[in-house]
Amino acid sequence: MRNLLVFITTILAIIHIGCGHTQFENIEHSISAQNSPELNEEQKQWLLALPAIIMEVNQSSHVTLEVKPISEESIQKYKMILHKWWGITNRYELLDAIRRLEKYGTSATYLKLLSFLKANEGKDFEELLGQSPTFEDHMYLVFLHKNNESKKDIDIIAWDWGRAAALIRWGYQVGYLSETEAWNMLLYFGRLTEGRFTSWQDYGASYAYGRVFWASGVNKSDEYIKETQETLNILFSDDGLWRKLRWDVAL
């Protein structure tokens, strides 16, 4: 299972990280945009592929904005998922969660704790653990100490932006977002993502490492390493979604 982490850290150590670009100044402008973006089918499929790992795990659609055929049953199912995993019960809570993921998601916690380890390099690790304010931070530090000994600044922002894309699609599924809002917000995160990474492999590695890091906070990293590796194998197989889609689509 460690092979996945070795692969990810190798990929993310050598890729060029851009700054991202988007026609919207921030997420608020994409939310308030009145017109639907003019997207061709290739552009739509690219944007829908941003949350491909979690969609594949949940056996959801990769090719339509709705993750399942819209029905009262599917609406209630995804309202339950939003409530259980995110504490989201309405449109305003959904938008707030998406705003947080843009800049202050798991990647911000990761960088904060990595900086903490760097600043205290050479000190007794057990003593550092004693300074962890929460069980989650304690487990995160254990994961970083075990899997990132070189203290590389691995970029895991894809985990946050990919989850934002999933929330957008789930939000549309349950009626918290209109179709216009959903496509504009997906386009916003798509442009950020395309400007930040250089390929689906780079993006997938960032997302995967972030997912496993997040899972370490609840002591489930081994379980998620296995699941994530299996999902990446599907997405990058000969007929896999991320292998078939070209990266440099004009958005």
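Predicted model: local features only at pLDDT ≥ 70, side-chain atom pairs only at ≥ 80, totals over all residues.
Which residues form one aromatic cluster? Trp46, Trp159, Phe197, Trp200, Tyr203, Tyr207, Trp214, Tyr224, Phe236, Trp242 and Trp247 do.

Residues are numbered from 1 along each chain as its sequence is written, and side-chain values use heavy atoms, with hydrogens and water left out.

**Aromatic pairs**

Rings of Phe, Tyr and Trp (its six-membered ring) pair if their centres lie within 6.5 Å; planes under 30 degrees apart count as stacked, over 60 as edge-to-face and the rest as tilted. By this rule there are 20 aromatic pairs. The table shows two aromatic pairs.

| Pair | Centre to centre | Angle between planes | Kind |
|---|---|---|---|
| Tyr140 and Phe213 | 4.4 Å | 20° | stacked |
| Trp214 and Tyr224 | 5.5 Å | 75° | edge-to-face |

Tyr140 belongs to helix α9 and Phe213 to helix α12 (residues 200-216), so their pair ties together parts that are 73 residues apart in sequence. Helices here are DSSP runs of H or I with at least four residues, numbered from the N terminus. The other pair links Trp214 in helix α12 with Tyr224 in helix α13 (residues 221-235), 10 residues apart.

Tyr140 is buried at 4%, Phe213 is buried at 0%, and Tyr224 counts as buried at 12%.

**A look at His138**

Helix α9 (residues 135-147) also holds His138. This histidine is partly exposed, with a relative accessible area of 28%. Leaving aside residues up to four places away in sequence, His138 touches Leu129 and Ser132, where contact means heavy atoms within 4.5 Å. Between His138 and Leu113 there are 9.9 Å in space, C-alpha to C-alpha, and the two are 25 residues apart in sequence.

**Helix α10**

Helix α10 covers residues 157-174. The expected span of a helix is 1.5 Å times one less than its number of residues. For the 18 residues of α10 that gives 26 Å, and the end C-alpha atoms are 26 Å apart, which agrees. Of its 18 residues, 18 are buried, so α10 is largely enclosed by the rest of the structure. Just after α10 comes Gly175, which takes a positive phi of about 95°.

Key:
Helix = DSSP H or I, 4+ residues; strand = E, 2+ residues; numbered from the N terminus. Buried < 20%, exposed > 50% of the residue type's maximum accessible area, 1.4 Å probe, protein only.
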